[in-house]
Amino acid sequence: MNTVSNDDPLNSATPFDHQPVLAEEVLTGLAPQPHGYYLDATVGGGGHSRLILETDPTVHLMALDQDPMALEAAQRNLAEFGDRVTFWHGNFADFEPSDEGFDGVLADLGVSSPQLDQPERGFSFRHEGTLDMRMNPNQPLTAADLVNHSSERELADIFYHYGEERLSRRIARRIVERRPFQTTTMLAAEIAASVPGKYRHGRIHPATRVFQSLRIAVNRELDVLEQLIETAPNWLKIGGKLAIISFHSLEDRRVKHGLRNHEQLKVLTKKPITASEAELRHNPRARSAKLRLAERI
């Protein structure tokens, strides 16, 4: 288990600042109790974890993240809570907890603003950067590997199944004809050039769904989500709550059906909880967030 000590020096500053979405709704759903033990499976900068820890001085928490930049920021941002927090570096799909059960488990599946805003991470085409898209920089597969070495059919399948891109075949054909690609902006420009003008000037940039699909494929996001839904109930005490925040329909459908069909869970949200107008005024990126809750029975 890649546990990170709270005493590790944190000398390098990072811009990782986590503004937690649906903060009040998460706290209401998890309902942290005194002496409770909670798991934040995607700690990011520690925004949700801080809120949970602040509910009572006897609350303890395990914080996970596969992104070392995020985990470092969380260590720094949560340092005041001392040994009430334990940190673990890795994907939640590889996590093996101790025998002590959790009173609540939270997973916020969103890509954080710092990840999107750093060009070298390659998640966004708004700035020129390398075609990386790895949440965990230690893993070998990058978006450039997929774009430059997958077959036309493999790319089209990725764009269609993980991005719901209806022009997937057309875009894949253009990419194969014009590759290799090294930067996000080069790829985005070629995608835009491959689609009709009306599509190019639509509500969203024509590269949006392709970039989403590549990120999902690189990080196996849907596979590990399904594994989390299957496994997380075993980590909970009876009566413990599972809270999952998703950000697009592919995730939300899996969360909805996974919670509903798990024999150890009782669904607490018939419909997903979404951000209030007040929250959206302060954090527009919360617009697509959907929270679903279930209880271990």
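Visitor: Which strand does Asp 65 lie in?
Guide: Welcome! The model you see here is predicted. The UniProt annotation "binding site", from an unreviewed entry, covers Asp 65 along with residues including Gly 46 and His 48. In this model, the strand that holds Asp 65 spans residues 60–65, and its label is β3.

Visitor: Is Asp 65 buried or exposed?
Guide: Let's reason it through with the cut-off: buried means under 20% relative accessible area. Asp 65 has a relative accessibility of 10%, so Asp 65 counts as buried.

Visitor: Which residue has its backbone nitrogen 3.4 Å from a polar atom of the Asp 65 side chain?
Guide: Good one to look for in the structure! Asp 65 touches several residues beyond four places away in sequence, among them Thr 42, Val 43 and Trp 88. The backbone nitrogen that lies 3.4 Å from a polar atom of the Asp 65 side chain belongs to Val 43.

Visitor: Where does Phe 92 lie, and is it buried or exposed?
Guide: The "binding site" annotation from UniProt also covers Phe 92. Phe 92 sits in the loop between β4 (85–89) and β5 (102–108), and its contacts include Ala 41, Leu 64 and Trp 235. Its relative accessibility is 9%, so Phe 92 counts as buried.

Visitor: What is the relative accessibility of Pro 233?
Guide: First find helix α11, residues 221–235, where Pro 233 has its place. Leaving aside neighbours within four places in sequence, Pro 233 is in contact with Leu 228, His 262, Gln 264, Leu 265 and Arg 296. Pro 233 counts as buried because its relative accessibility is 0%.

Key
Residues are numbered from 1 along each chain as its sequence is written. This is a predicted model: local features need pLDDT of at least 70, side-chain atom pairs count only at pLDDT 80 or more; totals for chains, interfaces and linings use all residues. Side-chain values use heavy atoms; hydrogens and water are left out. UniProt positions are given in the numbering used here, feature names are shortened, and annotations may be inferred rather than shown by experiment. Helices (H or I, at least four residues) and strands (E, at least two) are DSSP runs, numbered from the N terminus. Buried means under 20% relative accessible area, exposed over 50%, partly exposed in between (1.4 Å probe, protein chains only). Contact means heavy atoms within 4.5 Å. A polar contact is a pair of N or O atoms within 3.5 Å; within protein, one must be able to donate a hydrogen and the other to accept it, and residues adjacent in sequence count only if both atoms are side-chain atoms.
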